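Visitor: I would like to learn how to read a fold of this kind, feature by feature. Could you take me through it slowly?

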Amino acid sequence: MLAHHWEQVYRTKDVHTVSWYQPVPHRSLQLLGGVLAPGDAVVDVGAGASTLADHLLARGPIDLTLVDISSAALDLVRTRLLASSPAASPGSSVRFVQADLRSWVPDRRFDAWHDRAVFHFLTDPAEQQAYARTVAAAVRPGGHVMVSAFHRDGPDRCSDLPTARYDADGLHEALGGDAVFARVHAERELHPHPRGGTQDFQVLLLQRR
Ligand SMILES: C[S@@+](CC[C@H](N)C(=O)[O-])C[C@H]1O[C@@H](n2cnc3c(N)ncnc32)[C@H](O)[C@@H]1O
(Lines give C-alpha, C1' and ligand atoms only; values in the text may rest on other atoms or scores of the structure.)
Protein backbone atom coordinates (compact mmCIF):
# COMPACT_ATOMS: atom_id res chain seq x y z
CA MET A 1 0.00 0.00 0.00
CA LEU A 2 1.27 3.45 -0.98
CA ALA A 3 0.92 5.07 2.44
CA HIS A 4 2.85 2.21 4.05
CA HIS A 5 5.61 2.55 1.44
CA TRP A 6 6.16 6.25 2.16
CA GLU A 7 5.77 5.80 5.91
CA GLN A 8 8.59 3.25 5.78
CA VAL A 9 10.77 5.62 3.75
CA TYR A 10 10.51 8.39 6.33
CA ARG A 11 10.76 6.05 9.33
CA THR A 12 13.85 4.19 8.11
CA LYS A 13 15.90 6.50 5.89
CA ASP A 14 18.06 9.49 6.65
CA VAL A 15 16.20 12.25 4.79
CA HIS A 16 19.52 13.87 3.89
CA THR A 17 20.45 10.90 1.71
CA VAL A 18 17.24 10.28 -0.26
CA SER A 19 17.57 10.99 -3.97
CA TRP A 20 15.23 14.00 -3.91
CA TYR A 21 16.98 15.75 -0.98
CA GLN A 22 17.82 19.41 -1.46
CA PRO A 23 19.56 21.36 1.34
CA VAL A 24 17.85 24.51 0.02
CA PRO A 25 15.05 24.38 -2.58
CA HIS A 26 16.49 27.28 -4.57
CA ARG A 27 14.34 27.07 -7.71
CA SER A 28 11.11 26.79 -5.72
CA LEU A 29 12.05 29.72 -3.52
CA GLN A 30 13.01 31.87 -6.46
CA LEU A 31 9.95 31.10 -8.59
CA LEU A 32 7.44 31.23 -5.73
CA GLY A 33 9.21 34.28 -4.30
CA GLY A 34 8.50 36.10 -7.55
CA VAL A 35 4.74 35.62 -7.32
CA LEU A 36 3.85 35.47 -3.60
CA ALA A 37 2.54 38.40 -1.56
CA PRO A 38 2.82 38.59 2.26
CA GLY A 39 0.19 36.44 3.96
CA ASP A 40 -0.59 34.39 0.86
CA ALA A 41 -2.09 30.93 1.28
CA VAL A 42 0.34 28.34 -0.11
CA VAL A 43 -0.03 24.58 -0.24
CA ASP A 44 2.98 22.28 -0.68
CA VAL A 45 1.62 18.90 -1.75
CA GLY A 46 3.76 15.85 -1.10
CA ALA A 47 5.84 18.16 1.05
CA GLY A 48 7.82 15.30 2.57
CA ALA A 49 10.62 16.56 4.80
CA SER A 50 11.47 19.41 2.43
CA THR A 51 12.88 22.58 3.97
CA LEU A 52 10.69 24.71 1.69
CA ALA A 53 8.38 25.46 4.63
CA ASP A 54 11.29 26.62 6.82
CA HIS A 55 12.54 28.98 4.13
CA LEU A 56 9.11 30.37 3.24
CA LEU A 57 8.38 31.02 6.93
CA ALA A 58 11.71 32.80 7.30
CA ARG A 59 10.82 35.15 4.44
CA GLY A 60 7.71 36.67 6.02
CA PRO A 61 4.07 36.07 6.89
CA ILE A 62 2.54 33.10 5.13
CA ASP A 63 -0.50 30.86 5.49
CA LEU A 64 1.06 27.49 4.79
CA THR A 65 -0.52 24.07 4.30
CA LEU A 66 1.70 20.98 4.04
CA VAL A 67 0.11 17.83 2.65
CA ASP A 68 1.70 14.39 2.60
CA ILE A 69 0.59 10.79 2.59
CA SER A 70 3.21 10.07 5.29
CA SER A 71 2.55 11.21 8.84
CA ALA A 72 6.21 10.47 9.64
CA ALA A 73 7.31 13.04 7.06
CA LEU A 74 4.96 15.65 8.49
CA ASP A 75 6.18 14.85 12.02
CA LEU A 76 9.77 15.50 10.94
CA VAL A 77 8.82 18.94 9.62
CA ARG A 78 6.62 19.75 12.64
CA THR A 79 9.47 18.89 15.03
CA ARG A 80 11.99 20.85 13.00
CA LEU A 81 9.78 23.94 12.82
CA LEU A 82 9.03 23.81 16.55
CA ALA A 83 12.77 23.74 17.25
CA SER A 84 13.38 26.83 15.13
CA SER A 85 12.82 30.32 16.49
CA PRO A 86 9.11 31.27 16.64
CA ALA A 87 10.23 34.85 15.99
CA ALA A 88 11.10 33.69 12.48
CA SER A 89 7.46 33.45 11.50
CA PRO A 90 5.33 36.20 13.11
CA GLY A 91 1.85 36.36 11.59
CA SER A 92 2.23 32.98 9.93
CA SER A 93 0.36 29.71 10.28
CA VAL A 94 1.20 26.16 9.28
CA ARG A 95 -1.35 23.41 8.82
CA PHE A 96 -0.31 19.76 8.46
CA VAL A 97 -2.61 17.51 6.44
CA GLN A 98 -1.97 13.80 6.21
CA ALA A 99 -3.80 12.78 3.04
CA ASP A 100 -3.51 10.86 -0.20
CA LEU A 101 -3.54 13.38 -3.03
CA ARG A 102 -5.41 10.89 -5.18
CA SER A 103 -8.50 11.38 -3.03
CA TRP A 104 -7.79 14.63 -1.12
CA VAL A 105 -10.47 17.29 -1.47
CA PRO A 106 -9.12 20.67 -0.28
CA ASP A 107 -11.61 22.54 1.90
CA ARG A 108 -10.37 25.96 0.80
CA ARG A 109 -8.62 27.82 -1.99
CA PHE A 110 -4.97 28.77 -2.24
CA ASP A 111 -2.95 31.56 -3.81
CA ALA A 112 -0.24 29.08 -4.77
CA TRP A 113 0.17 25.32 -5.18
CA HIS A 114 3.64 23.75 -5.05
CA ASP A 115 4.52 20.20 -6.06
CA ARG A 116 8.08 18.97 -6.37
CA ALA A 117 8.55 15.34 -7.32
CA VAL A 118 5.03 14.13 -6.50
CA PHE A 119 2.85 14.43 -9.62
CA HIS A 120 5.24 12.18 -11.55
CA PHE A 121 4.30 9.26 -9.26
CA LEU A 122 0.81 9.33 -10.78
CA THR A 123 1.16 7.03 -13.76
CA ASP A 124 -2.53 6.22 -14.24
CA PRO A 125 -4.17 8.76 -16.64
CA ALA A 126 -7.35 8.76 -14.54
CA GLU A 127 -5.34 9.76 -11.44
CA GLN A 128 -3.45 12.42 -13.40
CA GLN A 129 -6.75 13.89 -14.58
CA ALA A 130 -8.19 13.83 -11.06
CA TYR A 131 -5.07 15.64 -9.78
CA ALA A 132 -5.45 18.29 -12.51
CA ARG A 133 -9.08 18.84 -11.52
CA THR A 134 -8.08 19.18 -7.86
CA VAL A 135 -5.43 21.81 -8.67
CA ALA A 136 -7.80 23.77 -10.89
CA ALA A 137 -10.44 23.84 -8.14
CA ALA A 138 -7.99 24.61 -5.32
CA VAL A 139 -6.12 27.55 -6.87
CA ARG A 140 -7.92 30.89 -7.09
CA PRO A 141 -8.13 32.66 -10.45
CA GLY A 142 -4.84 34.55 -10.84
CA GLY A 143 -3.10 32.19 -8.39
CA HIS A 144 0.00 30.19 -9.28
CA VAL A 145 1.00 26.56 -9.62
CA MET A 146 4.58 25.36 -9.57
CA VAL A 147 5.16 21.73 -10.49
CA SER A 148 8.51 19.96 -10.87
CA ALA A 149 8.26 16.50 -12.38
CA PHE A 150 10.79 14.18 -14.01
CA HIS A 151 11.73 15.27 -17.51
CA ARG A 152 11.42 12.87 -20.43
CA ASP A 153 15.15 12.24 -20.05
CA GLY A 154 14.82 11.73 -16.29
CA PRO A 155 14.49 8.49 -14.31
CA ASP A 156 11.58 6.13 -14.94
CA ARG A 157 11.61 5.04 -11.29
CA CYS A 158 12.12 6.72 -7.94
CA SER A 159 11.95 5.25 -4.45
CA ASP A 160 11.23 1.84 -6.06
CA LEU A 161 8.08 3.23 -7.73
CA PRO A 162 7.44 3.83 -11.45
CA THR A 163 7.25 7.45 -12.60
CA ALA A 164 5.72 9.33 -15.52
CA ARG A 165 8.01 11.73 -17.41
CA TYR A 166 7.29 14.99 -19.18
CA ASP A 167 8.50 17.81 -21.35
CA ALA A 168 7.08 21.29 -20.78
CA ASP A 169 4.18 20.89 -23.22
CA GLY A 170 3.28 17.44 -21.91
CA LEU A 171 3.29 18.58 -18.30
CA HIS A 172 1.25 21.69 -19.09
CA GLU A 173 -1.28 19.56 -20.97
CA ALA A 174 -1.45 16.97 -18.17
CA LEU A 175 -2.28 19.76 -15.70
CA GLY A 176 -5.22 21.00 -17.77
CA GLY A 177 -3.58 22.89 -20.61
CA ASP A 178 -3.72 26.51 -21.68
CA ALA A 179 -7.48 26.83 -21.23
CA VAL A 180 -7.02 26.39 -17.46
CA PHE A 181 -3.48 27.66 -16.81
CA ALA A 182 -1.35 30.26 -18.59
CA ARG A 183 2.31 29.31 -18.77
CA VAL A 184 4.49 31.79 -16.89
CA HIS A 185 7.82 29.98 -16.95
CA ALA A 186 9.33 26.65 -17.96
CA GLU A 187 12.81 25.29 -17.41
CA ARG A 188 14.73 22.08 -17.00
CA GLU A 189 16.56 21.57 -13.75
CA LEU A 190 19.36 19.10 -13.19
CA HIS A 191 19.01 18.07 -9.58
CA PRO A 192 22.26 16.77 -8.06
CA HIS A 193 21.62 13.39 -6.44
CA PRO A 194 23.12 13.42 -2.91
CA ARG A 195 25.04 10.23 -3.73
CA GLY A 196 26.29 11.45 -7.14
CA GLY A 197 24.85 11.97 -10.62
CA THR A 198 21.89 14.14 -11.55
CA GLN A 199 18.14 13.83 -12.07
CA ASP A 200 16.51 15.75 -14.91
CA PHE A 201 13.37 17.67 -13.90
CA GLN A 202 10.86 19.67 -15.91
CA VAL A 203 9.80 22.73 -13.93
CA LEU A 204 6.65 24.69 -14.78
CA LEU A 205 5.19 27.83 -13.27
CA LEU A 206 1.58 28.35 -14.32
CA GLN A 207 -1.10 30.93 -13.55
CA ARG A 208 -4.74 29.95 -13.03
CA ARG A 209 -7.00 31.68 -15.56
C1 LIG B 1 10.10 12.35 -3.91
S2 LIG B 1 9.34 12.89 -2.46
C3 LIG B 1 9.42 14.66 -2.63
C4 LIG B 1 9.25 15.37 -1.31
C5 LIG B 1 9.34 16.91 -1.37
N6 LIG B 1 8.35 17.47 -2.27
C7 LIG B 1 10.72 17.37 -1.74
O8 LIG B 1 10.89 18.01 -2.77
O9 LIG B 1 11.65 17.10 -0.95
C10 LIG B 1 7.62 12.53 -2.77
C11 LIG B 1 6.73 12.89 -1.61
O12 LIG B 1 5.37 12.75 -2.00
C13 LIG B 1 4.66 12.05 -1.02
N14 LIG B 1 3.58 11.34 -1.73
C15 LIG B 1 3.73 10.38 -2.66
N16 LIG B 1 2.54 9.98 -3.13
C17 LIG B 1 1.61 10.75 -2.49
C18 LIG B 1 0.19 10.81 -2.52
N19 LIG B 1 -0.53 10.02 -3.33
N20 LIG B 1 -0.44 11.69 -1.72
C21 LIG B 1 0.28 12.51 -0.90
N22 LIG B 1 1.62 12.49 -0.82
C23 LIG B 1 2.28 11.61 -1.60
C24 LIG B 1 5.67 11.14 -0.37
O25 LIG B 1 5.33 10.76 0.94
C26 LIG B 1 6.91 12.02 -0.42
O27 LIG B 1 7.03 12.82 0.73
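Visitor: How many residues does helix α4 have, and how far does it reach from its first C-alpha to its last?

Guide: Bear in mind throughout that this is a predicted model. Helix α4, residues 71-83, has 13 residues and reaches 18 Å from its first C-alpha to its last, which is close to the 18 Å expected at 1.5 Å a residue. At the start of α4, a side-chain oxygen of S70 comes to within 3.2 Å of the backbone nitrogen of A72.

Visitor: Which residues of α4 are buried, and what covers them?

Guide: The buried residues in α4 are A72, A73, L74, V77 and L81, and what covers the buried residues of this helix includes α1 (2-12), α3 (52-59), β2 (63-68) and β3 (93-98).

Visitor: At what angle do the axes of α1 and α4 cross?

Guide: The axes of α1 and α4 cross at roughly 40° and come within 7 Å, and the two helices are therefore oblique to each other. The contact is made by E7, Y10 and R11 on the side of α1, and by S71, A72, A73 and L76 on the side of α4.

Visitor: Is E7 counted as buried or exposed?

Guide: E7, which has its place in helix α1, counts as buried because its relative accessibility is 14%, and the cut-off that matters for this step is 20%. Leaving aside its neighbours within four places in sequence, E7 is in contact with I69, S70, S71 and A72.

Visitor: Turning to the sheet, what is the order of its strands?

Guide: As a general idea, strands of a sheet pair through backbone hydrogen bonds, either parallel or antiparallel. Here an open sheet of seven strands has the order β3-β2-β1-β4-β5-β9-β8, and its pairing is mixed. The edge strands are β3 and β8 (181-192), each of which pairs on one side only. Neighbouring strands of this sheet are turned against each other by 15° on average, direction ignored.

Visitor: How does α3 pack on the sheet?

Guide: Helix α3 touches β1 (41-45), β2, β3 and β4 (110-116) as it packs on the sheet, and its direction makes about 175° with that of β2. In α3, the residues L52, A53, D54, L56 and L57 are buried, and the buried residues of this helix pack against α2, β1, β2, α4, β3 and β4. Helix α3 is followed by G60, whose phi is positive, near 150°.

Visitor: Where is L36, and which residues does it touch?

Guide: L36 has its place in the loop between α2 (26-33) and β1. Not counting residues up to four places away in sequence, L36 touches V42, L56, I62 and A112. The C-alpha atoms of L36 and A112 are separated by 7.7 Å, although these two residues are 76 residues apart along the chain.

Visitor: How many residues of β5 are buried, and how is β5 joined to β4 and β9?

Guide: Nine of the twelve residues of β5 are buried, so this strand is largely enclosed by the rest of the structure. Six bridges join β4 to β5, and these strands run parallel, with D115 standing opposite V147 in β5. Seven bridges join β5 (residues 139-150) to β9 (residues 198-208), and these two run antiparallel, with A149 opposite Q202 in β9.

Visitor: In which sense do β8 and β9 pair?

Guide: Strands β8 and β9 pair in the antiparallel sense over eleven bridges, and A182 stands opposite Q207 in β9. These strands form a hairpin with five residues between them, and G196 in the turn has a positive phi of about 110°.

Visitor: Lastly, which strands does helix α5 lie across?

Guide: Helix α5, residues 125-138, lies across β1, β4, β5, β8 and β9, and runs at about 145° to β5. It has 14 residues and reaches 20 Å from its first C-alpha to its last, close to the 20 Å expected at 1.5 Å a residue. At its start, a side-chain oxygen of D124 reaches to within 2.8 Å of the backbone nitrogen of A126. The buried residues in α5 are Q128, Y131, A132, T134, V135, A136 and A138, and what covers the buried residues of α5 includes β1, β4, β5, α6 (168-174), β8 and β9.

How values were computed. Residues numbered from 1 in each chain as written. Predicted model: local features only at pLDDT ≥ 70, side-chain atom pairs only at ≥ 80, totals over all residues. Heavy atoms only, no water. Helix = DSSP H or I, 4+ residues; strand = E, 2+ residues; numbered from the N terminus. Expected span 1.5 Å × (residues − 1). Buried < 20%, exposed > 50% of the residue type's maximum accessible area, 1.4 Å probe, protein only. Contact = heavy atoms within 4.5 Å. Polar contact = N/O pair within 3.5 Å; in protein donor to acceptor, adjacent residues only side chain to side chain. Pairing = 2+ DSSP bridges. Axes fitted to C-alpha atoms, helices over the stretch in contact; angles between N-to-C directions. Parallel < 35°, antiparallel > 145°, perpendicular 65-115°, else oblique.
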